[in-house]
Amino acid sequence: MVSLREDTPRGDDHVLIRIRDLCNRFGEHVVHEHLDLDVYRGEILGIVGGSGSGKSVLLRSIVGLLRPSAGSIDVFGEDLQALSTRRRSLLERRFGVLFQRGALFSSLNLQENVAFPVLEHLGLARAEAEFLARVKLSLVGLPANAALQYPSELSGGMIKRAALARALALDPEVLFLDEPTAGLDPIGAAAFDQLLLTLRDALGLSVFLVTHDLDTLYSTCDRVAVLSQRRVLAADRLEVVEKVDDPWVRDYFNGPRGRAARRHINSSKVD
Amino acid sequence: MMPNTRQTGRLDDRPDSLHVIGNWTITHYARLQAQIDAFKTQAGNGHELDRSIDLSAIETLDTAGAALLIDLLGVERMAATMAQAPELPPARRALLDTMLQAMETPLTPKSHEISKPLAFLAQTGERVEDFWKQQHLLLGFIGLILSALVTNLLRPRRWRMTALVAQIQQTGFNAIGIVALLTFLIGAVVAFLGATVLQNFGATIYTVNLVAFSFLREFGVLLAAILLAGRTASAFTAQIGSMKANEEIDAIRALGLNPVELLVLPRVLAILVTLPILTFVGMLSGILGGALVCLLTLDISALQFFTILQDVAPHHFIVGLSKAPLFAFFIGAIGCLEGFKVSGSAQSVGEHTTSSVVQSIFMVILLDAMAALFFMEMGW
């Protein structure tokens, strides 16, 4: 496996998403204040932080579902908020978003769910779009007969996988994943990590990964950003972030689960 | 340097080998598919792929392009080709490997299609059976409501007054305006109709009796019930249905509580209280509408109108009002039951909301017809 981990580019040309001075508040409640963050091309950036630290809000601001109270967010070098609807739609087509609870369309079966963006955006014939959809569903590890089932008939893990297939439907350049492995069994989660790495290496995907899963963090992420106290506390390689002097970071990485995940990764590297 | 990704990839068919060239990505999918179709028809069946295949000229490849290639070559052929191509970059090999794995198993789900006439028969059968199941279910649900009612009646501590009052406000108080307006207008219309017909007999004075009879016995309760069926039954279904879709009903059960007692009883009791009140409002307002028409177009003074009204036997009022609780109970029960039948999807919430309105209006009119027969036979 080729990994970009050791030589992650840091130049300005490689910045895919640039967030400067971002503020988000809901009434009195301030979620982000003067938040800066860069996401580089071709990297997998893990976002961690306690519950309510604004991870999902950050994701929603970047993909344009939430207008920030202040600050700028440039994606592909353009400010989403300032673009015309048409330009914006073209840009958003290069995003793939996996929502926390899947957000599959409940009145469409899985195959239609995945084929939907393909049909809408690329104007393929239905048979072609459905073929692609079935390939994507199989790619994320769903059996063929799941294609005709409806979201309400599926388990939480299967919904997650199908939602990932939909996020991958347009072969996006950036993937936004909100807790993708929550609700997956460990085997499924490991397969997910592997799939993510393969796709990143083969397609040059950039991934914005909100997660609590320490195993995913250790096995896939090139960099990790810690959200705390309304801003990004640190955004760097795991080895560096682990050593940041902050009570939450210490508890997070050096708690029993953090230690176990690191031990597991280190031992598999030796093998 | 970035490769030029705008150019669609192509297949170069040489005598000794087949070259896959250029950009094989989802943006070019339709054109690539067309090329493949053309290639397949040109090559004919059987001997088309006995040449070696060269993948080295591919510039960009994504999952869609890989899927197309694998679909063209077949899984085994692709695997063999990759084995003979050591120059393939590792990242691309990994992608193709992943896609091969994904496409190894047959992708088309099994479907069992049956002929159209047979499907029609099956559908008819299902509908009929559904109808019976429906009535059976409604009876069972009414039983559940009644038993929950009886067990809670003697325990005032378990009466949910807050929920009850909130429901009374939503289903009753907030509906008074629309009920009053609607019955007022219908009252005026009935008076106009009566005046037109009765004029021929010089009996326009009986318009008063017509309005009073029709509203006290039928229209007051019927109009209020139909409005409530549209307004409240649908709200019950949507509320309970979205709770069901969100597993909240299951959570109530898992907490050892009874959803019928918690959700259905306050709603059904509220509508039992409000429909008689709304019926009364409807009767008054309809008679007022009639009185206004009498005053303005028939020269029947208000005093005259109300003197005649006094002669109308009060039991008509009782007959009309006595139907209200019956209608209310069925509207509430159907609204809640449809909510419980919702199954997860947004579409299902919509379907059951529609069904609850249709069913409760149907039930109200059916019961009213039966009640009319009954009261007529009894001579009330």
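## Exercise 1: a pocket

Find the residues nearest the centre of the second largest pocket.
Step 1. Its lining has 25 residues, and A:R101, A:I159, B:A245, B:N246 and B:E247 lie nearest the centre. On a 1 Å grid over the protein atoms alone, a pocket is an open set of points where a 1.4 Å probe fits, with protein on both sides within 12 Å along at least five of seven lines; lining residues have an atom within 4 Å of a point.
Step 2. The model is predicted: local features need pLDDT of at least 70, side-chain atom pairs need 80 or more, and totals for chains, interfaces and linings use all residues. Residues are numbered from 1 along each chain as written, chains are lettered from A in the order written, and side-chain values use heavy atoms, without hydrogens and water.
Step 3. The pocket holds about 690 Å³ of space, taken as the volume filled by probe spheres set on the points.
Step 4. α5 (156–167) of chain A and α8 (207–245) of chain B each supply at least two lining residues. The largest share, four residues, comes from α5(A). Helices are DSSP runs (H or I, at least four residues).

## Exercise 2: a helix pair

State how α5 (residues 116–153) and α10 (residues 259–297) of chain B are oriented.
Step 1. Their axes come within 10 Å and cross at roughly 90 degrees. Axes are lines fitted to C-alpha atoms over the stretch in contact, with angles from 0 to 180 degrees between N-to-C directions.
Step 2. The helices α5(B) and α10(B) are therefore roughly perpendicular (65 to 115 degrees).
Step 3. Contact (heavy atoms within 4.5 Å) involves residues including B:F141 and B:L144 of α5(B), and B:V260 and B:E261 of α10(B).

## Exercise 3: the interface

How much area do chain B and chain A bury between them?
Step 1. About 2300 Å², 74% of it on carbon and sulfur atoms. Buried area is the accessible area (1.4 Å probe) lost on being put together, summed over both parts.
Step 2. B:I26, B:Y29 and B:L107 supply 25% of chain B's buried area against chain A.

Methods: Parallel < 35°, antiparallel > 145°, perpendicular 65-115°, else oblique. Buried area = accessible area lost by both parts, 1.4 Å probe.
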